[in-house]
Amino acid sequence: MATPIIMPKFGQMTEESAIVEWLKQEGDPVAKGDILFTVETDKSVMEVESFAEGTLLKILVPPGLSVPVQSTVGFLGQRGEPIPVQPAPTQAPRVPEAPPLDTRPSTLAPRPSPLAPPGPPAAPARFRISPRARKLAADCVIDPSGIQGSGPMGRVVEKDVRAYMEARGYGQIRISPAARQLAARERLDLLSLAGTGDSGRIGVADVQRALAERPRAMSRMRQIIAQRLTQSVLTAPHFFVTVEVDMTALLCLRARLKEQGAPYTVTDFISEAVVLTLKEFPDVNSSTDGKTIRWHSHVHLGLAVSLEQGLVVPVIRNAEELTLAELNARSRELADKARKGKLTPDEMAGGTFTISNMGMLDVENFTAIINPGEAAILAVASTLSKPVALEGKTVVRSIMKMTLSADHRLIDGAMAARFLNAIKQKLQDPELWNLPAEQPQRGCVTTPGVGAQRLP
Amino acid sequence: MTKSPVYLSDSRPKFTPYEIDCGRIPAYRYQGSLQSELQAGTMTPGEAVALLEDMLVIREVEEMIVKLRSGAYEPIGQFNYRGPTHVSVGQEGTAAGACSGLQLADNITSTHRGHGESLAKGTCALRQMTDDQLRRRVPNCKAARREDLLEAALEEHLYRTICELFGKDDGYCRGRGGSMHIADFTVGHLGANAIVGGGVPIATGAALANRCLERGNVVCCFAGDGAYANGVVLESLNFAAQAQFTNHLADGRKRGLPIVFLVCNNHYGMTGRCDDEVMGVERIARRAAGFADNNMHAEVVNGMNVLAVRDAVRRAAALCRQGQGPLLLDVDCYRYWGHSLSDPRNEYRTREEEAAWRAVDPIESYKKALLAAKVLDAQGISGLERSVAQRNARAATRAAAAADPAPEDVLTFMYTDTKCETVPKDFAGATLAGPLPEIKRVNGELTYKDALKEALVQEMVRDRRVIFYGEDVADYGGAFKVTKGLLEAFGRERVFNAPISEACICGTACGAAMNGLRPVVELMYFDFALMSSDQISNQAAKWHYMSGAQTEVPLVIRASAGAGKGYGGQHSQTLESVFCHIPGLYVVYPATPYDAKGLLKAAIRDNNPVLFVESQALYGMKGPVPEEDYLVPLGLAEVKRPGTDLTLVAWGPVVHDCLKAADALKAQRGVAAEVIDLRSLVPLDLETVLRSVQKTGRCVVASQAVQIGSYTAEIASTIQDLAFDYLDAPVKRVGAKNGIAPQSHILEAAFLPNADDILAAANAIL
């Protein structure tokens, strides 16, 4: 009996996923633990391993097609084994489209009345174009999608394409054969190309420029980022509070610990300080739907990680229960998984507060956008050597700016200021870290590099 | 020119009491023996031995089939035989006895249980061939002695037979026919037939051809007892026994059809018992009394006695040659195995019955006769048995190893591309019985029906093999007077009324076409084609292919389509789509007088079977028709009106509706519609249609047939498949409603498509 291969449900909230790539082809032998295919979830690409041994008999779901989780995507079994009949895979339902209106009489049995009343469909009709018109447009290398159709049901027919081309001056286009060929292959619209040759003649360079400028499809990840952050900006009224933190002592401590074999990052200290402070300010570890406020007893701390493809925020669960060492270990593990694209959806969901650290990117200061479902986000800028007045003298210290973005629905300015300063105090108080009491010594060599502390 | 063949009945009522004497039908009258045959000189010792050998040949082949099913035939134990196992073991006396009573050029038709007849017709024919004829069959055989030559030819016959059973390219039918359709036209075997009774009208038609062409050949039509309950078989008995072949209507050529209806009465129609279950007569021979006052010379013959069968068939064939046909022989025999090897037999008959018949086994009985007559001794018999078995083993071994037909040739032999371009001089030019009918031409114009008549007249004058028959077509000139005057011109030999037996009309025409004639037959209404659909679809359409192109079927079936006359559901159908679905047929439908003449002449000259559809609505339509000889090639559409904006494809009367719609489109919208008359549906001129659609981008396909399953759908789907990129709109179809033609003229007008429907379809896509 062939075994169905099931699309895993990677996260509690995942409804559908798309296969990025099948790493095995039909007929390939499969060993237990072999990677069968990769799956794009909302924010990462997951590998799916085989639980069984055998031959990949059938691939039902091709790459790129989003299907509901738990659906069968293929079959594993013994070579030559029959596979059960399956309906063709269908795209998971999205916004339902109005079915095309069909007023033809049935060919099978008479019906008392037509299937639907005559007249144009109520829902916006999909773009209709006859094969002939489509071919003409393709032959002329133009994009017909903007043409108004005059045929039945608004279908674009040949004469519409011809009229459109005439109206848009298609006949005046001068283009080199090579440029035309390239444009046709790349499905560019000749009408959209500007020529830079003699009397506006379009050359290959013009086509290549247009190709470079052509809008590309947004990745699913970027679309998710765009959707979530837009939602946040539109629903949560942001305000921003910035403080400067003198990191000289903490960096000194960190350097010493590192020498002793304990490589903490600045982020670890900031995280710990934030977790401690959140216990003091429950309102900041809350969320709102605009009508109710919900306090979270645990701190699930999000740490923004920048990747080439975009931004991910792995979440350290129950961060308040972790020691500094555990925090360090957990954040390293998550950052590593994030960079390899192996975060599970559950590892990226459910945060209550987020830290975005751009310290390594040489920035003076920045503001961040609150993750939906959270009350605030802390934007940590680079630690820079700056002259400051200390005990009446101008000295050079390692100064780091932090900006809290707060949701004004939950947090007022004063609370934000107190919260931020409470973090600052912890970071400036080495004794707090329960390490050998030692006053930060004047002249302690922090020796920051030129401008910034580059900390991993 | 002698007296007019037209005949007016002139009877008087006569009700004097009397008794119909049905006469007596003899049973088992053969009292002879091998000694008596030898003494009388009706048989030589060599012929006596050959008779045993022929029976042994049959039994060896059929026992091989039985053994192959279980891998027990030693010479080719591994061979996987796929195919029917309708063996006739036990009936060898019937097949061998009958064929030994026939001459080389005589014909047979046979059945799904026809290995015996096929083998025996071959062996008997070979024994009658000259050395030269034998050499042509085995050109590679260098033997000088006749017996060696004959042996080589016999083995080749076995080889080609077994090849056909095995579906090999060297089979008689090139692996296209197989066990149930085996045929060897070179020895007059017109084919076994897998439709029970299906071969009987073909045999009757073949006899009609022999009669018309004055060949002196007899047809022996083998069919089982079960077939004698089948309509077309009874139609054929009546057709064969028609009075007009032998009475005053036949004038100087009073000859009955030279056919022997030989009933292989093994008592079971598959498993149905013809003796006392599914029929009401004890002996099928009694049926003969229902068809001819002479009881068709019927006899009951002991089929377990090969000499009795031989004697009966020899006498029957002789009577046929004297013009005394048709005859019916009810040959009593027995099938030892079941219907096929999957039939265990014990559900419907006893082992005791089987044992009793085996006790009178035709081969064992005949061996005793040979010993008693001292023609062979025991050693001689076993030597013969051994040589038959060895020959079979050699042939089977070669056949098993022979080449299969190439898969890419699966459609080879579907149609023939030959035509009758020149008439052989034996058949050229007709002897007229009277003046040719006068066909009134006004300003160079004829009506559609006169155009058809002119075509028939010209072709019948040109070629004596063209004969014409159908219901009421002779004296009366046809229900629509299309053929009025043909009887007067060509006589009843070539133009005659057929009984109201549509299946038999088409079936006999098929058989006549397979045996040398070029018949044209008329179906008064197209609706009646459904009564003949087995003969049109399973026989006429298939024999060129199933025989591996051994035969051609140059046959024209004129079918007159009603519609629009208030004749209701059974006289108004447009059914060409049904027959376009049957590969092997050509289907044409002219829309104008010009095409009616040119297409009919082309159809008559074509060597494929052509279903020629005519429209009663168009019979009176006038149009220019040149008097001279011209052909409209089959498979060529015509652009009736050129246009650039829309293509209207149609055939038959709807072409004229399309022209009207095109006028309206021009007047109302300035749209130039191109109108194409397909004229031929099979073969279809796709090129003309596609060229037009590529130009216009829009197409409506219209016919008078009901929409569901209409050939319009085939054309529309082909257009979208092959010209998709040229379409500016979906291809529309117009036809009659998916209903039954009503009588009420109000309803019928609503039912049939018209120019407005075509206009509406065009407007929907413009």
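**A buried helix in chain B**

I listed the buried residues of helix 3 of chain B: Glu92(B), Gly93(B), Thr94(B), Ala95(B), Ala96(B), Gly97(B), Ala98(B), Cys99(B) and Ser100(B). I keep in mind that this is a predicted model. Helix 3 spans residues 92-100 of chain B. Nine of its nine residues are buried, so the helix is largely enclosed by the rest of the structure.

**Two helices crossing in chain B**

Next I turned to helix 8 (residues 231-240) and helix 15 (residues 502-514) of chain B. Their axes come within 9 Å. I read the crossing angle as roughly 75°. Angles of 65 to 115 degrees count as roughly perpendicular, and helix 8 of chain B and helix 15 of chain B are therefore roughly perpendicular to each other.

Which residues meet there, in helix 8 and in helix 15 of chain B? From helix 8 I noted Gly231(B), Val232(B), Glu235(B), Ser236(B) and Phe239(B). From helix 15 I noted Ala503(B), Cys504(B), Gly507(B) and Thr508(B). I sorted this contact by class and found four nonpolar, four polar and one charged residues.

**Domains of chain B**

I then checked the domain assignment of chain B. Domain 1 covers 34-402, domain 2 covers 445-624 and domain 3 covers 638-765. I looked up the C-alpha centres of domain 1 and domain 3 of chain B, and they lie 53 Å apart.

**Chain A overall**

I moved on to chain A. Chain A has 456 residues, and 32% of them are buried. I found nine helices and 18 strands in chain A. Among the contacts in chain A with a separation of 6 or more, 63% join residues 24 or more positions apart.

**A helix pair in chain A**

I picked out helix 1 (residues 131-139) and helix 2 (residues 158-167) of chain A. Their axes come within 7 Å and cross at roughly 30°. That makes helix 1 of chain A roughly parallel to helix 2 of chain A. Helix 1 of chain A brings Arg132(A), Ala133(A), Leu136(A) and Ala137(A) to the contact. Helix 2 of chain A meets them with Glu158(A), Asp160(A) and Val161(A). I sorted the residues of this contact into four nonpolar, no polar and three charged.

**Where the chains touch**

How many residues of chain B are in contact with chain A? I found twelve residues of chain B in contact with ten residues of chain A.

How values were computed: Residues are numbered from 1 along each chain as its sequence is written. Chains are lettered from A and ligands numbered from 1 in the order in which they are written. This is a predicted model: local features need pLDDT of at least 70, side-chain atom pairs count only at pLDDT 80 or more; totals for chains, interfaces and linings use all residues. Axes are lines fitted to C-alpha atoms, for helices over the stretch in contact, and angles run from 0 to 180 degrees between N-to-C directions. Helices (H or I, at least four residues) and strands (E, at least two) are DSSP runs, numbered from the N terminus. Angles under 35 degrees count as roughly parallel, over 145 as roughly antiparallel, 65 to 115 as roughly perpendicular and the rest as oblique. Two residues are in contact if their C-beta atoms, placed from the backbone, lie within 7 Å. Ala, Val, Leu, Ile, Met, Phe, Trp, Tyr, Cys and Pro count as nonpolar, Asp, Glu, Lys and Arg as charged, and the others, Gly among them, as polar. Domain bounds come from an automatic or database domain assignment. A residue is buried if 20 or more other C-beta atoms lie within 10 Å of its own, exposed if 12 or fewer, and partly exposed in between; C-beta atoms are placed from the backbone.
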